[in-house]
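This briefing concerns the ligand sites and the domain layout of the structure shown below. The points are grouped by topic.

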Amino acid sequence: MNVLKFGGTSVGSVESIKQVIQIIEDASRGTESTEGRNIAVVFSAMGGVTNQLIEIGRMAANGSLDYLDLVRRIEDRHFNVVKAFIPVKEQSKVFANIRGVINELEDLLRGVSLIRELSARTHDLITSFGERLSTLVMSECIRSRGLSARFCDARNLIKTDAQFGQAEVNYPLTNRLIRDYFANSNSIELITGFIGSTEKGETTTLGRGGSDYTASIIGAALDADLIEIWTDVDGMMTADPRKVSNAFNIPTITYAEAMELSHFGAKVIYPPSLQPAFARNIPIRVLNTFNPAHPGTVVSRNADRRQYTITGISSIDDVALVNVQGSGMIGVAGVSAKLFGVLAEHRISVILISQASSEHSICFAIDPRAADRVKTILDEEFAADIASGHVDNITIERDLSIIATVGEGMRKSSGIAGKLFSVLGKNGVNIVAVAQGSSEINISIVIAKTNISKALNALHNVFFQSEARILNVFLVGTGLIGRTLLSQIRSQFEYLRNEKMLKVCVVGISNTKKMLLDPKGIDLDDWRERQLTEGVTTSLPAFVEKIKSYNLPNSVFIDCTSDKDIVQFYDSLLDANVSVVTPNKVANSGSYAEYRRLQRTALNRGVKFLYETNVGAGLPIINTIQGLMTAGDRFIKIEAILSGTLSYIFNTFQSGKKFVDVVREAKEKGYTEPDPREDLSGQDVGRKILILAREAGFALEPTDVTITNLLPQPCLDAPTIDAFFEQLDANNAYFESLLTEAEAKGEKLRYVATFENGKVTIELRSVGADHPFYTLSGADNIISFITERYKDRPLVIKGPGAGAEVTASGVFADMVSIGSYLG
Ligand SMILES: NC(=O)C1=CN([C@@H]2O[C@H](COP(=O)(O)OP(=O)(O)OC[C@H]3O[C@@H](n4cnc5c(N)ncnc54)[C@H](OP(=O)(O)O)[C@@H]3O)[C@@H](O)[C@H]2O)C=CC1
Ligand SMILES: N[C@@H](CC=O)C(=O)O
Ligand code: NA
């Protein structure tokens with residue numbers, strides 16, 4: 001015997017009822033793969049009808065006749081189902097049956113409106129009409145399909161006490177009645193959910209999850225093989241799919257897990273009402289009426305072996321936390337008895353409790369709607385303790401949420417709490433309270449409500465690791481480096497997702513003109529068109545505000561500009577747990593205090609501030625210094641060629657070539673700064689060597705850097721970049737003289753930065769063939785470190801130090817390393 005139960009949405013419309021009838025037919029006749037079997041089917045009221053009946057009762061009790069209209073609407077809905085499924089010539093008989101039930105309801109309501117009183121007993125009787133009508137209509141529809149089916153009013157089977165609204169079942173009597181009724185059943189049994197009756201015959205209802213409860217009571221009494229709960233989702237999910245788009249179906253789950261998950265918000269089934277079935281070890285399958293081929297979720301005593309340590313994550317969006325604390329509570333027995341005793345007396349349900357072992361405070365979560373009442377109750381109960389100073393004032397914190405990670409796999413398995421706290425910490429989610437039952441299958445945390453979506457997504461991402469970790473990227477600057485980075489992300493997307501389990505989701509893109517933001521992610525095939533058509537006028541403060549208000553997990557801000565103003569946002573972004581990656585040197589080459597501040601904020605927040613491409617583009621220079629420093633090495637001297645542009649110029653500039661043309665080539669090849677004067681004036685190199693010295697542990701200020709400028713004054717003074725190029729042309733003789741002088745000595749021009757004895761110098765030198773810097777080619781950089789450990793022979797890094805591809809790939813590597821760190 002199988003018991004099937006269909007919820008309100010399943011019997012809510014003509015379309016859905018078509019599905020339900022098909023499912024019932026298949027179940028009773030058997031499909032190709034299964035044999036037909038006896039079935040009992042329990043129905044809820046048509047979706048929305050129970051609420052309408054409650055409203056109708058209230059209206060009648062208030063003396064308003066508006067209820068008549070609502071009654072008509074309920075009647076019409078049931079009539080419409082009849083019209084859709086039952087042949088015309090049979091309809092009038094069924095209409096009459098429905099009318100009969102509706103008449104009974106109307107008589108009852110007339111009585112209520114006369115006496116203007118709605119008792120709990122009458123309320124139950126009124127709401128019982130929902131299931132009685134839906135089941136009546138469903139029976140007629142099923143019979144008209146030629147199936148043998150019997151309507152059963154559950155009030156004849158389920159016997160309860162007289163606690164109206166939430167009646168207690170008299171199991172011995174109920175079980176006997178059910179078994180007797182089914183003993184001579186030879187057709188499909190169609191049963192009203194939710195309702196029962198007292199021994200005196202008064203109608204009662206079974207409370208929350210009522211129709212599930214009916215199915216469970218019947219299944220347990222008959223020792224059913226399976227109970228199928230047909231609803232409108234594909235079984236239970238690892239998280240609420242409205243909040244976590246990557247949530248997926250849980251194929252099997254234990255009763256205990258289902259209980260914990262549903263307590264914390266997963267509303268698919270209400271396990272307490274399935275207790276009778278659990279007790280008899282009857283499996284329950286949760287299925288989707290609208291997608292019947294999906295296997296759904298089986299709830300049973302033992303779940304299948306799992307790939308993941310946790311089974312699901314659920315949440316309660318809105319809770320209030322009550323805190324009772326005081327020195328007088330330490331070591332005093334009975335405080336909690338008094339506290340929870342008085343709460344129980346007032347029927348206040350406590351969702352979560354946490355008490356530190358110091359016994360100095362107890363906090364517990366409740367429904368925020370009860371918060372004011374709880375405060376009054378406790379102030380009164382503890383008045384004497386508060387007056388004597390044993391208990392401090394009782395405080396209530398609002399706007400909080402609870403997240404619960406649930407799973408049998410968590411039991412006796414270490415590292416789960418560590419992972420949970422670590423991922424929330426890195427994402428800046430503050431944990432207000434924690435509770436873990438000793439069953440170890442649920443860790444619950446209380447957090448600010450504003451962080452609920454971020455926390456759920458971050459946790460889901462880290463605990464269900466077969467899916468790629470998501471990195472949410474916000475990019476400013478779509479010039480040479482920015483757009484090259486986007487195309488690298490696009491071409492590496494699949495590789496990162498499949499091989500590195502990292503899903504890079506570009507959420508924001510901005511240049512000086514337009515900014516485009518889409519929390520669902522921007523497709524990198526047509527980002528440029530979308531930016532133009534859908535983007536809005538750029539405002540950096542607004543862009544940064546969006547990043548913060550989206551509050552997405554694993555957020556990274558990438559600055560691919562050379563803008564000076566943008567860096568003012570870094571600190572507040574890091575402080576909001578957004579990592580920052582940048583090739584822009586401005587932030588790290590300003591005041592030393594600012595440089596340190598960014599480092600500290602990142603460290604305090606557990607996020608990353610990465611800028612490998614500040615020096616030598618993609619060459620591993622900053623990482624190398626940081627590695628040496630971490631390992632305790634000490635820097636003595638740094639000597640380097642740090643400008644790809646100048647390197648290229650001096651490697652390419654020869655007699656017969658004009659200097660201005662070589663500079664133009666460098667710009668076209670993507671080596672120069674947006675304004676090439678930054679390179680030729682030595683400013684760019686100045687910034688780089690300053691950053692290297694700082695990384696090497698020296699607290700240098702920009703004023704400690706002495707730069708020998710290469711450019712004649714008119715070049716520097718030129719009002720535009722074009723005018724600057726004209727001036728370069730006009731000063732060709734000066735540059736040729738530099739070249740001729742070096743060539744005459746058989747030497748090459750090199751722009752060398754040196755850091756030694758706390759001082760930085762940058763100058764144009766001509767070096768001979770014996771010098772290690774002589775043999776550079778292209779836009780190569782070379783950096784030579786002399787340290788305590790690399791004293792006799794320096795550590796040298798050499799290679800292309802400018803260009804779009806190498807720079808963007810350095811930014812890319814920083815970005816990916818954040819993905820690995822956050823995961
Ligand atoms: N080229 C190289 O080899 C290397 C470059 N770098 C650094 O990379 C950075 C980018 O260089 P590159 O791509 O060549 O520069 P580009 O001039 O090509 O691009 C700069 C981009 O930044 C945008 N931008 C500038 N200011 C703002 C602002 N306030 N708000 C929004 N967007 C802004 C520009 O917008 P718009 O398009 O509207 O003008 C443009 O898209 C620089 O800091 C440079 O020092 C570092 C290492 C090597
Ligand atoms: N303009 C720079 C690019 C890298 O920072 C250079 O030429 O080195
Ligand atoms: Na680098």
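Two helices, α21 (644-652) and α24 (683-695), each supply at least two residues of the shell around ligand 2. The model is a predicted one. Its protein chain is divided into four parts, namely domain 1 (2-232), domain 2 (312-463), domain 3 (469-615 + 810-822) and domain 4 (622-801).

- The shell around ligand 2 holds 13 residues, of which G644, T645, Y671, E673 and D679 come nearest.
- By class, this shell around ligand 2 divides into 3 nonpolar, 5 polar and 5 charged residues.
- The site of ligand 2 is the second largest pocket.

**Ligand 2: polar contacts and cover**

- The backbone takes part through G644, where a polar backbone atom is 2.7 Å from an oxygen atom of ligand 2.
- A nitrogen atom of ligand 2 is 2.7 Å from an N or O atom in the side chain of D679.
- The side chain of K688 places an N or O atom 2.8 Å from an oxygen atom of ligand 2.
- On its own, ligand 2 has 250 Å² of accessible area, and the protein covers 93% of that area.

**Ligand 1: surroundings**

- Ligand 1 is surrounded by 25 residues, and the closest are I481, T512, T561, E673 and G803.
- The shell around ligand 1 comprises 8 nonpolar, 13 polar and 4 charged residues.
- Ligand 1 takes up space in the second largest pocket, which is also where ligand 2 sits.

- An N or O atom in the side chain of T512 is 2.5 Å from an oxygen atom of ligand 1.
- The side chain of D563 has an N or O atom 3.2 Å from a nitrogen atom of ligand 1.
- For K585, an N or O atom of the side chain is 3.2 Å from an oxygen atom of ligand 1.
- The protein covers 83% of the 910 Å² of accessible area that ligand 1 has on its own.

**Domains**

- Ligand 1 lies between domain 3 (469-615 + 810-822) and domain 4 (622-801), because both domains give residues to the shell around ligand 1.
- Domain 3 is made up of two segments, 469-615 and 810-822.
- The C-alpha centres of domain 1 and domain 3 lie 57 Å apart.

Definitions and conventions:
Residues are numbered from 1 along each chain as its sequence is written. Chains are lettered from A and ligands numbered from 1 in the order in which they are written. This is a predicted model: local features need pLDDT of at least 70, side-chain atom pairs count only at pLDDT 80 or more; totals for chains, interfaces and linings use all residues. Side-chain values use heavy atoms; hydrogens and water are left out. A residue is near a molecule or strand if one of its heavy atoms lies within 4 Å of it. A polar contact is a pair of N or O atoms within 3.5 Å; within protein, one must be able to donate a hydrogen and the other to accept it, and residues adjacent in sequence count only if both atoms are side-chain atoms. Accessible areas come from the Shrake-Rupley method with a 1.4 Å probe; for residues, only the protein chains shown count as cover. On a 1 Å grid over the protein atoms alone, a cavity is a set of points where a 1.4 Å probe fits but cannot get out, and a pocket is an open set with protein on both sides within 12 Å along at least five of seven lines; lining residues have an atom within 4 Å of a point. A molecule sits in a cavity or pocket if more than half of its atoms lie within 2 Å of its grid points. Ala, Val, Leu, Ile, Met, Phe, Trp, Tyr, Cys and Pro count as nonpolar, Asp, Glu, Lys and Arg as charged, and the others, Gly among them, as polar. Domain bounds come from an automatic or database domain assignment. Helices (H or I, at least four residues) and strands (E, at least two) are DSSP runs, numbered from the N terminus.
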